[in-house]
Amino acid sequence: MKTRRDVFQAVADPTRRAIIMLLTVGTLTPNAIAEHFNTSRQAVSKHLQILSECEIVKQEQQGREIHYELNAEKMEEIEKWLEQFKQLLAQRFDQLDNVLEQLKLNRK
């Protein structure tokens, strides 16, 4: 399946983030996922479709049921992309710490 949606738009929705968290435990059917939300089964299916289109979740047919599972490889891609910003923020906080330390030394 070709990625048709932006992964960051998909994870921007709180319901989809909650679905991702549910799937960290293991595979679930749409009905099992829907039980955790105060919404219709169709709304959950739409969220699952969006998550599938951007490859965050994978679906597997088991008999008459579809089971969804988290796509760890796609989550690792997202994590690698975010890691750049974590490092940048860490550098900026280190710089801020240095400035604050200098200010403390100058006050003495």
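The model is a predicted one. Helix α5 covers residues 72-107, while the largest nonpolar core has 19 residues and strands β1 and β2 pair in the antiparallel sense.

**Aromatic residues**

- A search of the whole structure finds 2 aromatic pairs, and Phe8, Trp81 and Phe85 form one aromatic cluster.
- In one of these pairs, the ring centres of Phe8 and Trp81 are 4.6 Å apart with the planes at 45°, and the pair is therefore classed as tilted.
- Because Phe8 lies in helix α1 and Trp81 in helix α5, this pair ties together parts that are 73 residues apart in sequence.
- Trp81 and Phe85 also form a tilted aromatic pair, with 4.7 Å from centre to centre and 55° between the planes.
- Phe8 counts as partly exposed because its relative accessibility is 30%, a value that lies between the limits of under 20% for buried and over 50% for exposed.
- Trp81 counts as partly exposed at 39% relative accessibility, and Phe85 likewise counts as partly exposed, at 39%.

**Helix α5**

- This helix has 36 residues and reaches 51 Å from its first C-alpha to its last, which is close to the 52 Å expected at 1.5 Å a residue.
- Along its course, α5 bends by about 25° at Leu82.

**The nonpolar core**

- In soluble globular proteins, nonpolar side chains tend to be buried together.
- Here the largest nonpolar core has 19 residues, and those with the most contacts inside it are Ile19, Leu23, Ile33, Leu51, Ile56 and Val57.
- Two or more residues of this core come from each of the elements α1 (7-12), α2 (14-23), α3 (30-34), α4 (41-53) and β2 (65-70), and α4 gives the most, with 4 residues.
- When neighbours within four places in sequence are left aside, Leu51 is in contact with Ala10, Arg16, Ile19, Ile20, Ile56 and Val57.

- Strand β1, which covers residues 57-62, pairs with β2 in the antiparallel sense over 6 bridges.
- Val57, one of the core residues with the most contacts, has Leu70 in β2 as its bridge partner, and Glu60 stands opposite His67 in β2.
- The hairpin has 2 residues between its strands, and Gly63 takes a positive phi near 70° in this hairpin.

How values were computed: Residues numbered from 1 in each chain as written. Predicted model: local features only at pLDDT ≥ 70, side-chain atom pairs only at ≥ 80, totals over all residues. Heavy atoms only, no water. Expected span 1.5 Å × (residues − 1). Bend = angle between axes of the 7 residues up to and from the residue. Core = buried A, V, L, I, M, F, W, Y, C linked by side-chain atoms within 4.5 Å. Buried < 20%, exposed > 50% of the residue type's maximum accessible area, 1.4 Å probe, protein only. Contact = heavy atoms within 4.5 Å. Pairing = 2+ DSSP bridges. Phe/Tyr/Trp six-rings, centres within 6.5 Å; stacked < 30°, edge-to-face > 60°.
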